Structures are given as C-alpha cells and as structure tokens.
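Please work through the exercises below with the sequence and the 3D structure in view. Each task is followed by a solution in steps.

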Amino acid sequence: MLRRLAGIALVLCAGAVGISACGSSDDPPSGGRALRVDRFDSDAAWRLVKEQVSVGQRPAGSAQ
C-alpha cells in the first residue's frame with residue numbers, strides 16, 4: 001500500500017514539475033527584448049461601426 005502511494009506521489013510531482021516548466025507564447029525571446037504584438041485592427045473596427053450605423057435606428061420593440 002505504501003509503495004503504491006509513493007508511486008502515485010511520484011507521478012503527481014513529476015506532472016507538476018512538467019506543467020510548471022512549460023513556457024507560454026507570451027514569454028519574451030531568449031536573446032532579446034520582447035516583441036510587441038498589436039492585435040487590434042482599427043480598419044476592421046471602423047468597417048464594423050459603419051456597417052452597424054448604416055442599419056439605421058432600431059427602437060426597442062420595433063418590427064425592424
């Protein structure tokens with residue numbers, strides 16, 4: 001029984017170490033400064049706003 005618990009503990013510890021050692025994609029490159037990623041597309045945002053405004057007024061409860 002004790003040997004089985006020791007084996008389970010070993011597996012859990014190994015898994016915890018493996019998970020904590022994993023890096024994420026947000027980690028800076030090892031040799032330099034971090035790259036700045038701008039994921040906001042202002043042109044696409046304006047196209048969406050213009051499309052929404054072109055629909056016109058939509059009063060609450062209307063048939064539109």
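The model is predicted: local features need pLDDT of at least 70, side-chain atom pairs count only at pLDDT 80 or more, and totals for chains, interfaces and linings use all residues. Residues are numbered from 1 along each chain as its sequence is written, and side-chain values use heavy atoms, without hydrogens and water.

**Exercise 1.** Describe the protein as a whole.

*Solution.* Begin with the secondary structure: there are two helices and zero strands (DSSP runs numbered from the N terminus; helices are H or I of at least four residues, strands E of at least two). Next, consider burial: 0% of the 64 residues count as buried (under 20% relative accessible area; exposed is over 50%, partly exposed in between; 1.4 Å probe, protein chains only). Finally, the protein exposes about 6,500 Å², of which carbon and sulfur atoms supply 60%.

**Exercise 2.** Check the length of helix α2 and examine its ends.

*Solution.* Helix α2 covers residues 42–54, so at 1.5 Å a residue its 13 residues should span 18 Å (1.5 Å times one less than the number of residues). The end C-alpha atoms are 18 Å apart, which agrees. Just after α2, G56 takes a positive phi of about 95°.

**Exercise 3.** Determine how V49 of helix α2 is placed.

*Solution.* The count of buried residues in α2 is zero. V49 counts as partly exposed because its relative accessibility is 36%. Together with W46 and V53, V49 makes a nonpolar surface patch of about 330 Å².

Methods:
Accessible areas come from the Shrake-Rupley method with a 1.4 Å probe; for residues, only the protein chains shown count as cover. Patches are made of residues with over 30% relative accessible area and no salt bridge: like charges are joined within 9 Å, nonpolar side chains (Val, Leu, Ile, Met, Phe, Trp, Tyr) within 5 Å. A salt bridge is a side-chain nitrogen of Lys or Arg within 4 Å of a carboxyl oxygen of Asp or Glu.
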